[in-house]
Amino acid sequence: MKRIVLVGAGHAHLECIKQGSHPDVDWIVINPSRYQYYSGMFSGLADGTYTLDETRIDVKALCEHNGKTWIEDRVTRIDAANKQVICQSGQVLSYDIVSCNIGSRDWEQAPARVTIKPNYQIDQALETFRKAASPVIIGSGAAAVEMAASFQSNGTPVTLIHEEPLLSGHPAGMKIAKRLDQLGVKRIVDRFDTLDDQTARLRSGQSIETDAMLFLGGARASELFQASDLYCDTRGFLLVHETLQALEDPSIFAVGDCATLTAYPDTPKNGVTAVRQAPVLLENLLRFVNQERLLAFRPQQRYLTILALGDQQATLLYGRFYQTDRLSWYLKQWIDQRFIKKYAV
């Protein structure tokens with residue numbers, strides 16, 4: 001009997017929990033919370049479209065329903081030499097294969113910092129942000145745009161600080177900027193440097209007082225892989241082959257935000273990538289058990305993205321194409337709810 005340990009309950013591992021089946025495999029899932037929250041619905045939480053319960057998956061129930069062993073704990077180190085994972089509680093578990101789908105972490109903490117990573121903190125984070133007198137969001141990407149529009153449309157006045165053009169200069173960026181301006185989002189085009197107590201300091205020398213700052217300026221690597229002395233990129237993300245296996249140890253797999261593909265290092269670290277990796281990961285875990293040749297993951301060059309922009313409006317992006325309308329908003333709701341229902345027990 002082989003043992004596969006799934007560390008984390010991200011998008012790809014949810015598929016493994018539901019679909020993974022092999023007569024000679026014992027599956028163990030380790031996650032610090034029994035609930036996994038779908039980040040694609042965070043904007044809906046911010047604008048009041050969803051309740052907290054509507055955005056989460058009961059991973060413990062999903063495991064029990066599908067014959068997987070559930071452990072509520074955090075893995076702090078992988079001992080590759082002895083094929084063991086060491087948990088925060090002190091528990092040590094042996095493995096034949098270990099797969100990591102743990103996402104990324106937030107940047108350095110500060111008194112005014114509001115974090116939505118790990119995502120089971122989302123309810124407290126959003127409540128703190130709503131009650132703040134001067135909330136600030138940092139970032140120019142999809143997450144920052146969505147959250148700024150969603151909070152603002154639901155009555156929370158937001159300041160958005162971004163150095164780069166919105167959406168990295170995508171053709172929709174200028175139209176989205178106008179949308180944010182129409183909603184009343186205060187935009188400051190400058191580089192965020194540091195947060196000292198409740199003072200955000202910008203590259204230009206300007207300072208902004210804030211009692212709640214949400215940093216959405218990019219992913220930061222988990223400490224797990226460097227603590228485990230595994231091969232990482234310069235930012236600390238685990239380096240993996242196209243088969244989703246770690247460079248130095250084929251029994252270690254990693255997907256989603258926590259890993260960097262050596263062949264495609266610029267692949268976006270987002271939920272879309274993890275969802276696309278899910279079937280390849282599952283197939284490769286089972287092939288590895290069977291000692292069969294593994295599949296290669298090839299990231300898509302273009303994929304569908306829908307950004308909620310408050311008041312039942314959304315912008316649909318596909319490559320350089322975009323459109324903003326209510327139909328796109330309804331399509332986003334359908335896609336999001338379909339994902340949650342897929343893993344409901």
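**Overall build and local details of the predicted model**

Of the 345 residues in the protein, 52% count as buried (buried means under 20% relative accessible area, exposed over 50%, and partly exposed in between, with a 1.4 Å probe and protein chains only). This is a predicted model, so local features need pLDDT of at least 70 and side-chain atom pairs count only at pLDDT 80 or more, while totals for chains, interfaces and linings use all residues. Residues are numbered from 1 along each chain as its sequence is written, and side-chain values use heavy atoms, with hydrogens and water left out.

On to the overall shape. The protein has 9 helices and 23 strands (DSSP runs numbered from the N terminus, H or I of at least four residues for helices and E of at least two for strands). Its C-alpha atoms fill a box of roughly 60 × 40 × 35 Å along the principal axes. The radius of gyration is 20 Å, which agrees with the value near 20 Å that a compact globule of 345 residues would have (taken over C-alpha atoms, with a globule rule of 2.2 Å times the number of residues to the power 0.38). Among contacts between residues at least 6 apart in sequence, 57% join residues at least 24 apart (a contact means heavy atoms within 4.5 Å).

The protein carries 37 positive and 39 negative charges, and their mean positions are 5 Å apart. Here Lys and Arg count as positive and Asp and Glu as negative, with His and the chain ends not counted; each charge is placed at NZ of Lys, CZ of Arg, CG of Asp or CD of Glu.

Next comes a run of strands. Strand 14 (residues 192-196) and strand 15 (residues 199-202) run antiparallel and are joined by 4 bridges (two strands pair if DSSP finds at least two bridges between them). Across this pairing, leucine 195 stands opposite alanine 200 of strand 15. The hairpin has 2 residues between its strands, and aspartate 197 there takes a positive phi near 55°. Strand 15 also pairs with strand 16 (residues 207-209), again in the antiparallel sense, over 3 bridges. Alanine 200 turns up here too, opposite isoleucine 208 in strand 16. In this second hairpin, 4 residues sit between the strands, and glycine 205 has a positive phi near 100°.

Serine 150 belongs to helix 5 (residues 142-153). With a relative accessibility of 0%, serine 150 counts as buried. Leaving aside residues up to four places away in sequence, serine 150 touches Ser43, Ala46, Asp47 and Ala308.

A few backbone details are worth a look. Most residues other than glycine have a negative phi, and most peptide bonds are trans. Lysine 117 and proline 118, however, are joined by a cis peptide bond, with omega about -5°. Proline 118 is in the loop between strand 10 (113-114) and helix 4 (122-131). Aspartate 229, though not a glycine, has a positive phi of about 60°; it lies in the loop between helix 7 (224-227) and strand 18 (238-240). Aspartate 229 counts as exposed, at 67% relative accessibility. Leucine 244 is not a glycine either, yet has a positive phi of about 75°. Leucine 244 is found in the loop between strand 18 and strand 19 (252-254), and is buried, with a relative accessible area of 0%.
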